[in-house]
Amino acid sequence: MSEAPIANKKVLGLFALAMINVAAVLSIRNFPSMAVYGWSCIGWYVLGAIVFLIPISLAGAELATGWPEGGGVYAWVKQAFGEKGGFVALFCEWSNNLVWFPTVLSFTASTLAFALTPDLAANPWFMFAVMMIVFWGTTAIAYFGEETSTKFSNIGVILGSIVPSLLIIGLGLWWLGSGQKIVIPHFTLAQTVPTINLSTLPFFATIVLLFAGMEMAGFHALETKNPQRDFPRAMALSAVIIVICTVLATLAIAIVIPASQLNLASGVMQAIQYFFDAAGIAWLVGPMALLITLGGVVNLAAWLIGPAKGLGIVAEEGNMPPLFDKTNKYGAPVAVLLIQALIGSVISLLYVFLPSVNQAYWILSAMTVELLCIVYILVFAALIKLRYSKPDTPRPFKIPGGMIGVWIVGGLGLFGTVLSFIVGLMPPMYFTNWIVYVGSVLLGTFLLAVPPLIFLKFKHPGWLKKQNGGEQP
Amino acid sequence: MTISKNGEICLALLVAVLFILPCLMLGLIYEEAPYHTVAGEPVREAADAAGISVADVEGTLWNMAGATGGKTYTLTDPEGDTAYIATQAFDSAESRDAAVRLYNAHAPGKGKQVGSMIVVGQYIVYATPVNSPIFAKLVPALQQAAKATT
């Protein structure tokens, strides 16, 4: 049974909402991987913005202001496709995290190791210990509710994501201004056009999902002071911050570090060290590693808290057994957080200690892509359907252009995510047995998406809380 | 404890198993590349065998714990494709696997990793672009080379 919760305190304003999205999307670890593409990273980013970032920002703003109840994607998709659709969308958003957590956890651990002594990154016990401290520590922050996690997120995202991005951009500008050698060819418009062919097509899914998380603020609707006013503004503010930081910081790295140094060898810290050595500020590498570690933790926290809150609401509505419906006095869904932490810990354990798992992790990454695509396909489809099925619901923010505008926005989003789903199923060219690959990815995706259907199959009135009119089991 | 409570716990366990199952399956069915010494230059030998030209080669030492050096090859094939393939040897299975984790950890956003990577003995072999047909031609020979020295 839940402890008497503090009624959802309205603690989130425009800035806090925007920072939730920035925390979920802006990640320094993306920059070196994208900088490999030189000027054409601009074209890739523009492509990602057109087929995903702009559509999801507009869709999120309209849906969040039209249905400002808790649950984020669950509430939105439920309005359009019923409980089953909403539950599947939310569960896919939650379940892909559990597969993804080990990567972001190992990123924070290896970045911290770089600040201490890089050899530690090769020690699986150090890695696992740090991963667990970060994972359970972040879960503990979520335990203390929205106010605490918001403060942590606001401070963390500024220090761990925005400040390092601005520092990299500043150094890039200084590099240009001081007449140092630029390692990529001089800018021409033609060079910004990305090469899209069979070799690079799988990268399309990566580009689309580079901006995944723009809907994260929607999970916090119940704690938002003025959702109808603040959601659209927060979407716009976060999109601007994310685009500016991402594009300029990537270019700053691209102009300073030779592409030959920007491959697998360039973990973020390796790239930063090269960059800072060249700029003569090698002493700043350690502090930067600590900031980027914090950025990784905040990135993790955004994904750890948002979907878990949504799942708490699903449980509260009686769609999951009461075991999942435990909230504490801070309003945090403790049962979901605990189950999430336990499953995530086991997967992390396998990831660190079973080389076969980390060597084949790209198959699990493909499952993450497929699960996320299911979420966004349902969100964009809901956006379009709700304009027909509930045209009179007040939407303080409406996508301009009437039905044509909605079809363009929803259509672009659907195009991007459906294509990502398809290319996500493409095995690497060297993988000879594509049936095994596609079968494994689809089976794994199915296993991670199917629990809502199991819960709904066994659902009974006793799962509803007393105050909602149900019986306490 | 009531029957309904037991049922709830069973459902929760089922969900947990569904999550862990894909990882366990992967751990069991995927053939781990053991750490051992592969002699010579496996990429160059594989390229020669596949009729792929080495347009350029540079020595590289990655800034990672345990990295002992490798080469970055620019390869071209008669169809006009180009691929950049980097190799790096590591002094232990732990340091090699740490590099694999680093590769996984740097997948942009929530997408797939950039480039393709395989493990060949003490080496990590990393190729871009992600779906390079040249790399596809080299992989069977690389895997063969790894097995031959096992």
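**Notebook: the sheet of chain B**

I began with helix α2 (residues 42–50) of chain B, which lies across β1, β2, β3 and β5 of chain B and runs at about 20° to β2(B). For that angle, axes are lines fitted to C-alpha atoms, for helices over the stretch in contact, and angles run from 0 to 180 degrees between N-to-C directions; contact means heavy atoms within 4.5 Å. Helices (H or I, at least four residues) and strands (E, at least two) are DSSP runs, numbered from the N terminus.

I noted that this is a predicted model, in which local features need pLDDT of at least 70 and side-chain atom pairs count only at pLDDT 80 or more, while totals for chains, interfaces and linings use all residues. Residues are numbered from 1 along each chain as its sequence is written, chains are lettered from A and ligands numbered from 1 in the order in which they are written, and side-chain values use heavy atoms, with hydrogens and water left out.

Next I traced the open sheet of five strands in chain B, whose order is β1-β2-β3-β5-β4 with antiparallel pairing; two strands pair if DSSP finds at least two bridges between them. Its edge strands are β1 (53–60) and β4 (116–120) of chain B.

I then followed β3 (residues 82–90) of chain B, where seven of nine residues are buried, that is, under 20% relative accessible area (1.4 Å probe, protein chains only). Seven bridges join β3(B) to β2(B), with Ala67(B) opposite Phe90(B), and six join β3(B) to β5(B), where Tyr84(B) has Thr128(B) as its bridge partner.

Key
Buried < 20%, exposed > 50% of the residue type's maximum accessible area, 1.4 Å probe, protein only.
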